[in-house]
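Biologist: Let us go through this model step by step. I will ask, and you answer with values.

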Number of protein chains: 2
Amino acid sequence: MAAAVSSDGLGQEVPNKRVILKRYVAGFPTEDDMEVVTGTARLAVPPGSASMVVKNLYVSCDPYMRGRMTKHDKASYVPDFVVGEALVNFGVCKVIASGHPDFKVGDLVWGMTGWEEYTFVPKPESFFKINHPELPLSYYTGVLGMPGLTAWAGFFDVGKPNKGDYVFVSAASGAVGQLVGQFAKLTGCYVVGSAGSDEKVNLLKSKFGFDEAFNYKKEQDLDAALRRYFPEGIDIYFENVGGRTLEAVLSNMRNHGRIPTCGMISQYNLEEPEGVHNLFEIVAKRVRMEGFMVFEYYGQYHKFEQDMAGYLKEGKINYVEDIADGLEKAPAALIGLFTGRNVGKQLVAVARE
Amino acid sequence: MAAAVSSDGLGQEVPNKRVILKRYVAGFPTEDDMEVVTGTARLAVPPGSASMVVKNLYVSCDPYMRGRMTKHDKASYVPDFVVGEALVNFGVCKVIASGHPDFKVGDLVWGMTGWEEYTFVPKPESFFKINHPELPLSYYTGVLGMPGLTAWAGFFDVGKPNKGDYVFVSAASGAVGQLVGQFAKLTGCYVVGSAGSDEKVNLLKSKFGFDEAFNYKKEQDLDAALRRYFPEGIDIYFENVGGRTLEAVLSNMRNHGRIPTCGMISQYNLEEPEGVHNLFEIVAKRVRMEGFMVFEYYGQYHKFEQDMAGYLKEGKINYVEDIADGLEKAPAALIGLFTGRNVGKQLVAVARE
Ligand SMILES: NC(=O)c1ccc[n+]([C@@H]2O[C@H](COP(=O)([O-])OP(=O)(O)OC[C@H]3O[C@@H](n4cnc5c(N)ncnc54)[C@H](OP(=O)(O)O)[C@@H]3O)[C@@H](O)[C@H]2O)c1
Ligand SMILES: NC(=O)c1ccc[n+]([C@@H]2O[C@H](COP(=O)([O-])OP(=O)(O)OC[C@H]3O[C@@H](n4cnc5c(N)ncnc54)[C@H](OP(=O)(O)O)[C@@H]3O)[C@@H](O)[C@H]2O)c1
C-alpha cells in the first residue's frame with residue numbers, strides 16, 4: 001500500500017479510476033451523463049503543504065448531487081460540478097499521505113472527496129476522524145455520516161417532536177427516512193411512512209418499526225390515504241419529496257403542525273416544478289414549515305456520532321444500506337435514486353479494505 | 001337611549017337594521033350576496049341571564065370574512081355565516097343592557113358582534129373593555145383591535161425581527177400592513193411595501209415611513225422588482241397576499257429568512273388557487289414559513305393595547321382608516337377589500353356616538 005516516493009517529491013504516479021461528469025444535465029440524468037475514465041494520481045503531498053492524499057473506500061450517492069449536475073447562472077447553495085472532472089461527494093477514506101498535523105497516514109476519515117480511487121485533499125480540516133471503526137466503515141456515508149446527522153437535526157431540532165405526536169415520513173425507507181422513523185418511535189410518536197415499492201413498505205414495518213406504511217405508487221388519492229392513516233391529522237411531516245405529496249399532506253396537518261423541510265426529490269428532475277395550491281393551510285392550521293441544511297449542524301457532529309454509535313451497538317437503531325460494487329457501478333447507482341432503485345442507503349464500494 | 005322595559009321583561013322591541021347573507025358565495029362576492037333588511041331587537045336581557053345587549057357603533061370589514069361566506073363541508077377554522085342571518089364580525093359597541101357582572105350599561109367594549117344596530121350577546125366574556133376612550137373609538141376595529149394585534153404578534157413573535165433586517169410587506173397600506181411597516185421602522189429595519197395604487201404607494205412613503213414602496217399592478221415582473229428593491233435579499237416577508245407574490249418573494253429570500261404567514265387574500269376568491277412552484281427555496285435558503293392566528297394572542301391583548309395607545313399618543317405610529325357611513329354601505333365596503341377599494345383600514349360607522 002505505501003507508495004514509493006518519486007524523485008520530484010510528489011510521490012509515485014499511479015492509475016486513478018474516476019467517474020467524471022460528461023455534460024451538464026437538464027431533466028432526468030442518465031448513466032451517459034457520466035463516464036468512467038482512468039487518469040493518474042500522485043500518492044504524496046507537496047513538501048511543506050498541509051494537504052493530504054486519501055484512498056477512497058466508500059463514496060455516497062445523495063439526491064442533492066442532482067443539483068450539482070446542472071449549470072446554474074445564479075450561484076446555488078452548493079457549487080456546480082465541473083464537466084470533465086470527477087464528481088465530488090461525501091466518502092469514507094484512508095489517509096495515505098499527509099502534511100497536516102491533525103491527520104496521519106493510516107487514519108480513517110470521512111468528508112468531501114472525489115468519485116475516484118485516490119483524491120488529493122487541499123484542505124483536510126473539513127474531514128472528520130472516524131471514532132468507531134469497530135462499526136462498518138460504510139456506515140460513515142449514512143447512519144454515522146451526513147444523512148444520519150440530517151435525520152437527527154431535522155427531526156429533533158427542526159421538528160421539535162413530542163411524545164404522542166403523529167408523524168409522517170416520505171421517502172421513508174431511504175437513508176434519511178429510515179432513521180427519522182426510528183427516532184420518532186424512540187420519542188414515543190406514532191409514525192407512518194410512504195415508499196415506492198411493497199418491498200420497501202415491508203421493510204418499514206418489519207425492520208424499522210413504523211406503525212404503518214404504504215406504497216404511494218398504489219394510491220390513486222394520496223389525500224384519502226393520509227386521511228385513512230391519520231384520522232386525527234399530522235403533527236410532524238418530515239418532508240423529503242415535495243410536490244403533490246406536500247399538497248396532500250398540507251390538507252391533513254393538525255393545528256401547530258411542523259414540516260421540517262429536508263428535501264423535495266420529486267422536483268429535482270422537473271424542468272417545470274409542480275405547483276402547490278393549498279398553502280393557505282399554513283395559516284389556517286398555524287403550520288411551521290422550515291428548511292434546514294445539514295452543514296449547519298456539523299458543529300454537533302461528534303455528539304451525534306457518539307449517540308448514534310451507542311444506539312447502533314445497543315440495537316436501538318436498525319440500518320439498511322444498498323452497496324454498489326466498484327466505481328463502474330456508480331453512475332447507475334446515482335441515477336437509481338431518482339427512480340427508487342435503491343433499497344436503503346445507496347453507496348458505492350470503491351475499495352473494500 | 002334607555003329603553004322602557006316591556007311588560008314581558010324582555011325590553012322594548014325596536015326596529016333593527018341588519019346586513020344579512022342572502023346566499024353562500026363561490027368565487028368573487030358581490031353586493032348582491034348580502035341584503036340590508038330591517039328586523040327587530042329587544043333592548044333588555046332575559047331576567048337572571050348573564051348576557052348583554054349592545055348598540056353597535058363601528059363594525060369592521062376584514063378579509064377573512066370571505067371564507068365565512070362559503071359553505072364548507074369540512075369545518076373551517078372559523079364557522080360559516082348563516083344564510084338569512086346578520087353577518088358577524090368584530091365591532092365597537094356600547095352596552096345597553098347587561099346581566100353580566102363584568103359589564104354594565106354604558107360600558108364601551110369591542111368584540112364579536114352582528115352587522116346590525118343592536119346585538120344580543122349571549123356570552124359577553126369574549127368582549128374586551130375599551131381602556132382608552134380618549135382615542136377615536138373606531139381605532140378599536142383596527143390599530144387598537146384585532147388587526148393591530150395581528151400585526152404586532154405576526155411581526156414580533158413570528159417574524160423575530162432584528163435591527164437591520166430587510167423587510168417586505170404586501171397589502172402594505174391595509175389595516176395590518178401599515179402597522180407592520182411602522183413596527184419594522186421602530187425596530188430599525190429597512191422596509192419596502194407593495195400596494196395596488198399610486199395613491200397607496202405615496203401613503204406608504206409619506207405617512208407610514210416605508211423606505212420604499214411600489215405599485216405591484218404596474219410591475220410586469222415581480223421577481224425583477226424585488227431584486228431591484230432587495231439586492232441583498234429579504235430577511236422577513238410579512239405575507240398578506242399569497243400566490244404569485246409569494247412565489248416571487250421565495251426566489252428573493254435570504255438565508256434564514258422568515259415568512260410570518262398572516263393571510264393570502266389574492267387566493268380567497270379563486271375557485272382553483274394558484275400553485276407555488278419554487279418551494280424548494282425553503283430548503284435552499286433555510287426559510288421558516290409560519291402561519292399564525294390572532295386569536296391565539298388575545299391573552300396578550302391588554303399589554304398590546306397599552307403599548308399601542310402609548311405609541312399613538314406619542315405620534316410614533318400613524319394610522320389611516322377608511323370609514324363607510326351606515327350599514328347600507330357595508331356590503332360594498334366589504335367586497336371592496338378584494339378589489340383594493342379601501343385606502344387604509346376599512347370599517348363601517350353604524351352609529352356615531
Ligand atoms: N437538507 C439537507 O441538508 C439534506 C441532507 C440530506 C438529504 N436531504 C434530502 O433528503 C431527502 C432524502 O434523501 P436520502 O439521502 O435519504 O435519499 P433516499 O431516500 O435514500 O433515496 C431517494 C429516494 O427518494 C424516492 N424518490 C425518488 N423520486 C421520487 C419521486 N418522484 N417521488 C417520491 N419519491 C421519490 C425513492 O424512494 P421511493 O422508492 O420511496 O420512491 C428513492 O429511493 C432528499 O430530498 C434529499 O435531497 C437533505
Ligand atoms: N392570521 C390572522 O390572524 C389574520 C388576522 C387579520 C388579517 N389577516 C390577513 O391579513 C391580510 C391583510 O388583512 P387586512 O385586514 O390588513 O386587509 P387590508 O389590507 O386592509 O385590505 C385588503 C387589501 O388587500 C389587497 N388585495 C386585495 N386583493 C388582492 C390581490 N388579488 N392581490 C394582492 N393584493 C390584494 C388590497 O390592497 P391593494 O390595493 O394593495 O391590492 C386590499 O386593500 C389578509 O390576508 C387577511 O386575511 C390575518
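Biologist: Which residues form one aromatic cluster in chain A?
Modeller: This is a predicted model. Rings of Phe, Tyr and Trp (its six-membered ring) pair if their centres lie within 6.5 Å. One cluster is made up of Phe90(A), Trp110(A), Phe128(A), Trp152(A), Tyr298(A), Tyr301(A) and Phe304(A).

Biologist: What pLDDT do local features need here?
Modeller: Residues are numbered from 1 along each chain as its sequence is written, while chains are lettered from A and ligands numbered from 1 in the order in which they are written. Side-chain values use heavy atoms, leaving out hydrogens and water; totals for chains, interfaces and linings use all residues, side-chain atom pairs count only at pLDDT 80 or more, and local features need pLDDT of at least 70.

Biologist: How many residues apart are Tyr190(A) and Phe230(A)?
Modeller: Tyr190(A) sits in strand S9 (residues 190–195) of chain A. Phe230(A) is in the loop between helix H5 (222–229) and strand S11 (234–238). Helices (H or I, at least four residues) and strands (E, at least two) are DSSP runs, numbered from the N terminus. The pair links distant parts of the chain, and its residues are apart by 40.

Biologist: Is Phe230(A) buried or exposed?
Modeller: Buried means under 20% relative accessible area, exposed over 50%, partly exposed in between (1.4 Å probe, protein chains only). Tyr190(A) is at 27%, so it is partly exposed. Phe230(A) has a relative accessibility of 2%, so it counts as buried.

Biologist: What kind of aromatic pair do Tyr190(B) and Phe230(B) form?
Modeller: Their centres are 6.2 Å apart, with 90° between the planes. That makes the pair of Tyr190(B) and Phe230(B) edge-to-face.

Biologist: Where does ligand 1 lie relative to the domains of chain A?
Modeller: A residue is near a molecule if one of its heavy atoms lies within 4 Å of it. Of the 26 residues around ligand 1, those that come nearest are Val176(A), Lys200(A), Tyr216(A), Tyr268(A) and Asn342(A). Domain bounds come from an automatic or database domain assignment. Both domains give residues to the shell, so ligand 1 lies between domain 1 (12–142 + 320–349) and domain 2 (146–295).

Biologist: How much of the accessible area of ligand 1 does the protein cover?
Modeller: A polar contact is a pair of N or O atoms within 3.5 Å; within protein, one must be able to donate a hydrogen and the other to accept it, and residues adjacent in sequence count only if both atoms are side-chain atoms. Oxygen atoms of ligand 1 lie 2.9 Å from a backbone N or O atom of Ala175(A) and 2.8 Å from a polar backbone atom of Gly196(A), while a nitrogen atom is 2.9 Å from a backbone N or O atom of Phe292(A). On its own, ligand 1 has 910 Å² of accessible area (Shrake-Rupley method, 1.4 Å probe; for residues, only the protein chains shown count as cover). The protein covers 90%.

Biologist: How many charged residues are in the shell around ligand 1?
Modeller: Ala, Val, Leu, Ile, Met, Phe, Trp, Tyr, Cys and Pro count as nonpolar, Asp, Glu, Lys and Arg as charged, and the others, Gly among them, as polar. The shell holds 17 nonpolar and 8 polar residues, and the number of charged ones is 1.

Biologist: Which residue has a side-chain atom 2.5 Å from an oxygen atom of ligand 2?
Modeller: Ligand 2 is surrounded by 26 residues. A nitrogen atom of ligand 2 is 2.9 Å from a backbone N or O atom of Cys262(B). An oxygen atom is 2.8 Å from a polar backbone atom of Val294(B). At 2.5 Å, the side-chain N or O atom belongs to Asn342(B).

Biologist: Which residue does the side chain of Ser51(A) contact at 2.4 Å?
Modeller: Ser51(A) lies in the loop between strand S2 (34–42) and strand S3 (52–60) of chain A. Its relative accessibility is 2%, so Ser51(A) is buried. The polar contact of 2.4 Å joins its side chain to that of Ser49(A).

How values were computed
Phe/Tyr/Trp six-rings, centres within 6.5 Å; stacked < 30°, edge-to-face > 60°.
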